[in-house]
Every structure is written in structure tokens, then in C-alpha cells.
Amino acid sequence: MSASHPEKTGITEAPESAQETFAEAAPGTGVPAVVLDEKAKKSWFNRLPIVSHLRQSVGLQRGMLITGLVLCGLVLICAVFAPLIAPYGYNQLGTSEGNFGATLPPSAEHIWGTTVGGYDVFSRVIWGAQTAVAVIVVAVVASLFLGVALGLISGYLGGWLDRILVVIADAVYAFPTLLLALVMAIAISGGQSSAWGGIAAAALSITVVFIPQYFRVVRAETLRLKAEPFVESAIVLGASKTRIIGKHIFRNATRTLPLIFTLNSSEAILTLAGLGFLGFGIEPTSAAEWGYDLNKALPDVTSGVWWTSVYPGLAIVLTVLGFTLVGESMNDLNDPRLRVRRKAKTKAGAAGARDRKAEA
Amino acid sequence: MSAAISQPEAAEPTAAVKKAPGSGLGRYVLIRFLLIIPTIFILTTLVFFLMRITGDPITAALGGRLTREQLAERVAAAGYDRPILVQYFEYMGNLLRGDFGTTVSDGQPVTEVLLTYGAATVELVFYALIVAFIIGIPFGMIAAYKRDKTPDAVLRILAILGYATPVFFAGMILKLVFGVFWPILPVAGRGTTETEYIMSGVVDPTRFYIIDAIRIGNFEVLGDVLAHAVLPAVALGILTAGVFLRLVRTNLIGTLGQQYIDSGRSRGISEFRLVTKHAYRPALIPIITVMGMQIALMLAGAVLTETTFEWKGLGFKLAEYLTARDFVAVQGIVVFLAVIVAFTNFLVDVIAAFIDPRVRY
Amino acid sequence: MSAHQTGSGTTGSGPILDVDHLDVTFSTDAGDVHAVKDLSLEVRPGEVLAIVGESGSGKTVTARSILGLLPETAQRSGAVVLSGSNVLSVAPEQLRQMRGSDVAMVFQEPSTALNPVFTVGWQIAEGLRAHHRRASRSELRTKAIAAMEQVGIPDAAHRFDYYPHQFSGGQKQRIVIAMALALGAKLIVADEPTTALDVTVQAEILDLLRDLRDTTGTAIVLITHNMGVVADLADRVAVMYRGDLIEVSPVDTLFSDPKEQYTRDLLAAVPKLGSTVAGSRKAAVVDERNRATAPAAGEERDPATASASTPTSVERDGDATASAREPVVVAKDLDIVYPGGIGRPDFHAVSAVSFDIRAGEVYGLVGESGSGKTTIGRAIAGLTRASGGSLSVLGHEMVGFKEGGFRPIRRRIGFVFQDPAASFNPHLTIGECIAEPFAIHRREMTARDRQSRVLELLDSVQLPAEYAGRYPHELSGGQRQRASLARGLALDPELLIADEPTSALDVSVQAKVLELFVELQNRFDFAALFISHDLAVVDMLSDRIGVLYHGRLLEEGTGEQVLGAPSNDYTKRLIASLPVPDPAEQKERRELARQLRVASGA
């Protein structure tokens, strides 16, 4: 078949493909978009979100991403190996030799001192990582599933269901996160917390707060994708709604979720800490929670007892910092406008003229 | 030079926009305002039913302390034994009349609590906003101007640290540094006992201490009030400043990638002016919209800041009522704060629309 | 005011711009891209130098280098000497001063080149302010208004305070030109200045640029991919291909006697009015007639058929059978209205349009932006709802249709979208995408049957079998559009709707996709609705053409009837505005277009 019309325009087949991989990123920018082909020859491993981001990053962005990953890794290690790392239990008040004593300054036995309630600060900070990670996992995963499902359905089907869900999501979205979590905590546990129920209550409260965020993002993406030619071509073909949502929209609409996941993780920790600080945390006997410890340390501050607040506080800051750094770096790398690229290495001579990055 | 060397295109109308000037903004404001109603309705309903899932407020507050009969009597007297829908409609009706109910723990009208302590919260948020604007906007511009260079890197990391730090931890550190190790600033309350005494004597108070202090012309009190405001404002302000910095930077960089910036650059307009004028104004529209959303964050932050610094505002009272398990008061304060957020978002959207000529004309 | 003819320059001085061994390399994720290779060029005062090339040729990078507007990641060497200073090595402050006063730029997309939140007057004045620090507000205003008047903005003093969105696309481009003009730059770099505009507006902007050159002696570097625009405006032409300068010739020589093979190929690929695609039914008909009458006359009208004058296996009686066969689509007083929402008037995209498409016929629908041509195509495919009149597609009424009832019909319709990059799901392979129709309508097919059918389809669109396993982003634009055709034809449709299928492609690629389209149409004998803004393309392959304007069908008939003897004023103006790749002919057409414009009461 291909030989039926040999040379009509005189331009042979070869240059077409070669020349068009060189198309411009956006018309008129003159920046070549070979970028589009970046995924062409990479293995599945290199296409994983974090891994591909790490490979793309340069300089400061790479530094931020690596720092963030290291911090997140540290928190995870503390959470998983808490029983091995922490010298004492989170609710341990003393050994067989007697109680530790309250507000002891840092010493050999208690490297970060003890709290006003007589707990070992270091141990509680380590155990706190476990609580934090558990809450993040439950809250973010639950809200992810519900938010994504609602967003896909609402965005694609439209109509009254969509309008109602949007109004509700917008109302909840505008609600101060902490206050909503507070109301949820009251609704779930009546404001009392017991054992793992406390963690579940905190996690569920945060879930409700985050569902609208995922809902909004996924719905907006779905609406955008609905107008894309590849979805329209499926409509023209007569594909069923479930097929279009499941096969064509779902994977494309969820591209940005790793990013929201990390940013929400940090918000989840801050909300958990806020709840704990307001006295809705988890009782010291059932689990260790940084926000609760900070609440109990509040009166210490004025008397100069710094170790009870600084360590759990720093634990929160570093955990949030870790997740935020990962999220921010991913955000930068996903957004071509914010992404820093390597400089071309050839002919570094004549670059006297300085001008600004004018990227597409 | 000749005038009009060639004819304007015939095929096109002279002005692309045919709608009457002014009508766009007016309609936008109206529609946006009408959107507040379902928002507030949903929020109040949501909060009402969530707070009632685990039972009535009297049992929650006094559960362990009274006998079963006493409790039932109190519950019936307050009408909490009626069907939940009846209570709901009564509650909504009362809300419309500005009646938020009566607290269980100290028997005060919630509306009274809101009016007494609301001013303190607004005052704190106002101070914090000033701190956030002073730090966030100029430094966000600098970061965008010096993007991908050292100043940008330093500023970004500081910004991330700013919002990675829980506001109460920032407050505790500030208390530790400026109250204990280097005691130069007051760390608790809105004023000294003496100031509070003078303030309680003000006739027809606005309850904004700074305004009241100016009204009575007592500059010693004014100084004291301001000194007390510094640490809470900084604690809450730094958090918001980090968010603002990032917001300004990201939006400015986005706008700087637009073709009209290149167009300006190609005509010899300086880089500084491009950042501060040509890119800033278009970037301002999304910046303002997102800043409006930060009001929710700031109010939540205010609750925590007030608890940290014993700043007697709504947040401080909220924590008190939470400890007392007084859910009527909690519900009232939460609903009130949510309504404030809804109205602020509306105002901010209107301001953003006013800046955008595409909506205005 | 002297009129420049050849661009030899009245001042008689040296070149205003001297590009000397310019070399630019970008870093991208896929490695370094050598965008411009050792390029040397000169522009003399008052001259229009066109730089032409297809995408990836490096023409835009060259243009931006002249103003020093390349991203920091670009490495460059060589020199760009402008008024005695090298743009690549001067200090930033000096570069800033040179921009605007020595050289200014006109951008492709006028709506993005203007800041949406400042008035146009302020924006023009802002450039002046950058170069005249002490100018007073009223001075700036006077100068800006003068510039606006110069580019033909009526009532400039009043419109000084308008925002960009209050102007039409053509007027915005005039304002962008006024910005360059106000600063008195001796050189204007115009990067695809008319690509985003409709042809009738394009003709006016080209006139404006020519007048400016003639009255002010401004030199212009015109970046374009459109050979018609080159023929219209350029004095000299530089052809670029993949970063290399292929040839530089005076405009007449380039079109009459191109030196390089690449230039010849490029010119041959440009669609021309009255030409046909070899092998098409239309070509056969024209061919037949040519043989009957004088062959020389036919030769003149369609040079492209020369290479394929041997008749192929096409039915000779194309015209006769087409009109005799049953209609596939019948539109009668079709209205399509987009509801406006609260307080906003409805938008009438299509009003009272009647036409039909018969089995095996190619119906070309042509119109400018906002004419409603795409809306009609979408309504036929059931993507947009028709609101009034009647639209019957394969016997199914589309006004008020229900998806369930229409679904069985869908398998008989194929659709090819404009944007080849967006019309495939990025997560599916080309093979999976082409097999989608089978997965939906031929559930009973085995995986093996599907596979072999996909390979057959790939072969029929001349793509190698291994492409079935590739992802869409691994294909070039032209290849993707072939694959898109394969998907459209998977179920042997009776009707294919092609919405601007080649407008995102380079001309050489477009030529081959059109050829393929014709070949497939001959082979599978489907009816087609071919939607395009490009008269020449529509004319090349359509049996009948409809001209749409603001939602109304102005004229309908065979290519010869509509384009040869248009009865409607708008059609006449549309045809006259289309620049042709022949400088001498274009000069005549330009005059005609101008007269028509004056006659239409502008």
C-alpha cells in the first residue's frame, strides 16, 4: 500500500519523523519541546513519581528534594522502629528502681529530660512519630479514595449531583481546618479519646477536612479532561460512561495526587498537633502525641523549662518540613515555569549578555 | 508621519466587548453574595448535626456529676428531649435573630460572649496580617526577582520553615526567648492588670484595645497594649508570611513567563519594573483570592495563638469551653468564625474582581 | 515619503543588523538541542527579510536572539551586531536601552502580548517612559495616541484608556505594532505576526506592515512558515531547516528559481487554490476536462497534478454518481445555540444552515474563527446538541436526540480531531487506542483478530507495525494524525468528520496527510465532512464546498463555482485575502483585496 504514491511532494518519509520530534514547546517560544519525549525510553522504575522527580532535579531543587526525603525517611524509621529506638515506653513513668521524677533537665538517663507528668521526653518524641505516621496514613488514604471517587463522578456526570457536591465541598473547604476537625472529633468521640480510638478519631476528623481538597482537584482535572479530544473521541465512538471514566479519565486526572498527598500529610500533622494542643489529642497513657505534650509543656515555658517543649516542637517542625520540601520540589518540577534546567554545556564562551529565563 | 495609513478591519466590530460597562462587576458581586447563603446554611447545618451525634450538650457537660433524674430534668427544661428536627429548626430560627443560645457552663448568652471576645480576635488577626504583609509581599517579590539564586533559596527555605512550624510552637519559642532568656517583652494577656483595669472602665468600649487606648488618650496604656501584641502578632504573622511569600513568588514567576512580559522586555523596560509593576498587577488577582482563603487558616491559627499567649479572645474562650465540655458555646463560636470566613472570602473575591478589568468592564 | 521597492536602502549605509556565525544550543531533558547552527545574515535599512522554515527550524530562536531574549539555559556564540553593538555581549543596561530604541518585536499571539490588567495607552507609554525618563504624562499620552493613530486605531484619544480585551484580535495586533512604532525602532522583528489571525485580518496587518516600511523606512525581520505571507511582504528570504540556513535569495528568485532541493520541496507542498491532490476524484475530473480542452490551460490552473497526470483507478464519473447517491447527512435550517446563563444572552453559533452530504462525497466546510464550522461538525458527531431545525445523520434525527438511541449509529461515524497531540490517551499505546472502537462495538472479536486488524489499519495509513506498541508522545505530529485516521476508520465508517485535521502540521507533513486522506477515501468510499479555515486545503480535496460566516452558510457549490465565481462579497474578500506563494500574482490579489475591502464599506 505504502508504495502506491511514490513521490508527490518530493519530501521523503525520513525527515518527517525526525523533524517533528523537534516541535516547539509552545508556538512562538522557540524552546524546543523534546521534553515531551522524555519518558520515551525509561523503565517503569524511573517513571515512578519521586524517582523521576529526583532524576529531573538540579542544584537547589535537588537539595530540597533530597533533604525532604531524608527527613521523611527519618520519621518513618522512628515510627517503625520506635520500640527499639526509644529507651522507655511512651506511658512509662519509671523503672523498677522508682519513678523518673518530673521536669528533670537532660541528663545521661534522660537525654532530653523528663516532662512535668514524669515521662521521658526522648521516648515520647520517638513514639510520637508512630502516632503521626498512623494518622497520616489513615487520614490521607481515606480522604484520597473518597475524594477521588466523588471528584471523578461529580466532574464527569455534572448535573444536580455535581452542583450540590460542589456547594458542599466549597463550604467545607472554606471552613477553618482545625475547627472542622474539632467538631468532627467531638462528633466521633464526644471529645474523649481512648487508646487507638483516639488516633482513629483524629484521623477521621482530618479525613473529612481533606475530602473536599481531593474532590476539587480531581473534579477540576476531570472537567478539563472531558473537553480533551481523546475523551471526546471515546464519546464519539460510543464508549460507556464507566469505560470513559475508568479507562481514559482516571489515570490522567490523578497525576497531581502525589503532590497533594505530601502537602496534605504536612497539614495532617499540623492539624493533629493543633487538636492535641487544644486538649483533643490522645491521652498520654494510650499513645504519645506531640501536640498534647506541647500543651502540657505550655506552663513550663515561663519558668524556663525548655526541654519539654523544644523537642516535641522540633519533631513536628522537621516532619512537616520533610513532607513540605518533598511536595514543593515535586510541584516545582511538575510546573515547567518553576523548573530549573541544566545549562547547556557546549560552548560556554560568549555568554556575556545576561537575560532572564523566558521559558514556556 | 501620516495618520491612519490603512483601513481598520471591516469584518470585525469596532469594540470586541458589547456588554454595557459596569454591569459585569455589579452582577458578579450580586451572584457572589448570593453564594454565601448556601455556604453558611450548609456550615451551620453540618455543625449542628455533628455536634448532636453523640448526644445533647447538657449530658455532655454534666454527665458524670448529676443523677439520672436531675439530668433528665435539666435536659427536658432546655428542650433537648424534643425531636432533633424540631430543635434544628428552632436553632436555625434563633440564629437568624442573632441568638446563638446560652452557655451550659456559665449560663451566659453566647452572643454576648461573641461580642465581648470577638474584638480581641479580630485585633490579633489584624496585627498578624500587618506582619504577614510587611514580610510576605516584599520578600516574595525579591524571591521572584532573584529566582533560582541564593537570596531566593534562603527566602524559600525560611518561608517553608515559617509554615512548617505550628503556630503554638513558634509562640512558645518566642515566649522562651523574649520572656525568659531575654525578657524584654510581655508574654501573656492583652495588657498588664492595670491596663485591663483601665480598659474595663472605658465607657462604650469598642473592645479593640488599640482604638480604646487612643480614645482615652492614655499613651502609657497604648504602649503597653502594643507591647503585648508584638509576640502573638509575630507568631501568627510569621506563619501567614510564609504562605504569602510563597504565594507571591509562585504567582509572580508564573506571570513573568507570560508573553506580555517578554513584550515589555523587548521594549527596554527594566527587569525591576517588570517584576514590581507589569507582572505584579496581573499576579495580584490570584494572590488576593488565595490570601482570602488564608483567613480561615489565620482564624484557626488565632485560636492556637490566643491559647499560647492567654490572649483573651474567642480562641482562648473556645479552648476554655472545650475543657468545660460546653458544646453550646463551642458550637456558637465555631459557627460564628465560619460565618466570618465566608464573608471575608466574599469581600476578597469582590476586591480581586475589582482589580481585574476583564470583570470590571 | 519614499516607497521602497527592492529594499536596497535609501540611506546607502551598511546593514542595520548583522548576524555573524550565530550558534545557539539549548539544554533539555533529552539532552542538548542545537537550535541554530552557525548562522550569518544581514538586514539593510528599510528591507523586509523573511526567515521561513517549518517547526524546529530555529527561526524563532534566531528572532529572539536578535533582541537577546533567549532563556538563560541557552548557550550562544557568534555575534548579533545591531547599530554597532553586539547584543550577545553588551552590558545588561545597554541591552535594555537598545531594546525598543534600536529593535522592537511583534509577537505571534496579540492577546498574550498585551498585559490584560493595564490600559493599552499605559502600556504604549510605558515603553516610552523606559527610554525617556523625564517625559511628562501628557507628552507620553500625545506620543502614544499618535502611534495608535498611525496604526489605524480609530478614535485613538478615547481608546487610549481601553483595556486589551476591549479590542478585536486584529486591533490588538495593531496596538502591539504601535508599541514597537512609538519607540521609533529602526528594526522590527515580527515573529509570525499574522499566524493567530484570520486571513481577512491577516491581509490588513500585512498591509499595515508594508505601509510602515514604506513611510518610515523601518526594516522588518519577518519570521513565518507561510509562503503566501512571504510572497506578500518580503524583499529577501532566508530559508532555515533544522538550525541550518539553507539559502538566502531575493523574493522573486526564490519563488521562480529556488536554489536548494529543500526549498523546492517546501514550495511544492504549499496548498494552492485550484490545485488538487493527486489521485483524488476531483483530480480525475479536472484531468478529464483538461484532456478534453486545451491541456496547457489546465496545466496553469493546477501545477500539482502534473506529476500524477496518469489516471488512476478512480471512478471517472465521480461528480455524476455523487449527486445521485443517497444523502448521509441532511441539515435543514439547522440552529445551534449555546445557552448564555443567568442574565447573559444566548450565543447563536449556527443559524438556519441547510446542506447535505451524500454517500462517498467529500464536503468541505470553510470559515474563519467563530464561523460555526467546528460546531456543525461536533453536532453531527453528537458532541454538541443541535437546538433547532433538523439535522439527520445516517437517518437519525439529532435535534433532541437521546444518547441511547444514537449509540448504534456511532459505529458508522469516524472523527479526526485537530490537535494530534491531545487526541490520544497518553497512557495507552497507539495499538490500544486504535483498538478502542473494537473494544466498544465488536466485543465478540478475539484479541488476535483485533491485533491483526490494528496492524492492517496501521499499514493502510502507512505506519510501520511496531508503532502499535508505542505511546502517543513517541510519535511525531504527522504520525499521530495518521494513527488518528486509522482509529477513525477502524469500523469502516460511512461518514468521517475531519475537524481541521492538518492545521497543526507543517506544510510538508500536511501535504502527505492530505494525500493519505484522499487515498483512503478512494479506497473505502466514505462520505467526509472536511472542516478547515484554509480555503486552499478545502479546495484541494472537496467535491463540494460550503462557506460559513458568523454561523450562516453564505455560499455552497463545487470548488470551481465557489472559488472560481463567488457570488457573495464575503467569499470574494476571503478568496482575495488568501496570500498566494507567488510575489507577482500576490501583488495583483493584494490590490483586489484592498478594493473589495473599501467597497465593503470599511
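**Chains A, B and C**

Visitor: Among contacts in chain C between residues at least 6 apart in sequence, what share joins residues at least 24 apart?

Guide: That share is 69%. Two residues are in contact if their C-beta atoms, placed from the backbone, lie within 7 Å. This is a predicted model: local features need pLDDT of at least 70, side-chain atom pairs count only at pLDDT 80 or more, and totals for chains, interfaces and linings use all residues. Residues are numbered from 1 along each chain as its sequence is written, while chains are lettered from A and ligands numbered from 1 in the order in which they are written.

Visitor: How many helices and strands has chain C?

Guide: Chain C has 24 helices and 20 strands. Helices (H or I, at least four residues) and strands (E, at least two) are DSSP runs, numbered from the N terminus.

Visitor: And how much of chain C counts as buried?

Guide: 56% of its 602 residues. Buried means 20 or more other C-beta atoms within 10 Å of the residue's own, with C-beta atoms placed from the backbone.

Visitor: New topic. How many residues do chain A and chain B put into their contact?

Guide: Chain A gives 45 residues and chain B gives 49. On the chain A side, H14(A) supplies the largest share, nine residues. By class, that side has 29 nonpolar, 11 polar and five charged residues. Ala, Val, Leu, Ile, Met, Phe, Trp, Tyr, Cys and Pro count as nonpolar, Asp, Glu, Lys and Arg as charged, and the others, Gly among them, as polar.

Visitor: Where is confidence lowest in chain A?

Guide: In helix H1 (residues 13-20) of chain A, at a mean of 34. Helix H10 (residues 229-237) of chain A is highest, at 88. pLDDT is the predictor's confidence in each residue, from 0 to 100. The mean for chain A is 74. Over residues 1-41 of chain A, pLDDT stays under 50.

Visitor: Now chain B. At what angle do H9(B) and H10(B) pack?

Guide: Helix H9 (residues 209-216) and helix H10 (residues 219-256) of chain B pack at about 165 degrees, with axes 8 Å apart. Axes are lines fitted to C-alpha atoms over the stretch in contact, and angles run from 0 to 180 degrees between N-to-C directions. H9(B) and H10(B) are therefore roughly antiparallel, a label for angles over 145 degrees.

Visitor: Which residues make that contact?

Guide: Tyr209(B), Ile210(B), Ala213(B) and Ile214(B) come from H9(B). Val221(B), Leu222(B) and Val225(B) come from H10(B). By class, the contact has seven nonpolar, no polar and no charged residues.

Terms used:
A residue is buried if 20 or more other C-beta atoms lie within 10 Å of its own, exposed if 12 or fewer, and partly exposed in between; C-beta atoms are placed from the backbone. Angles under 35 degrees count as roughly parallel, over 145 as roughly antiparallel, 65 to 115 as roughly perpendicular and the rest as oblique.
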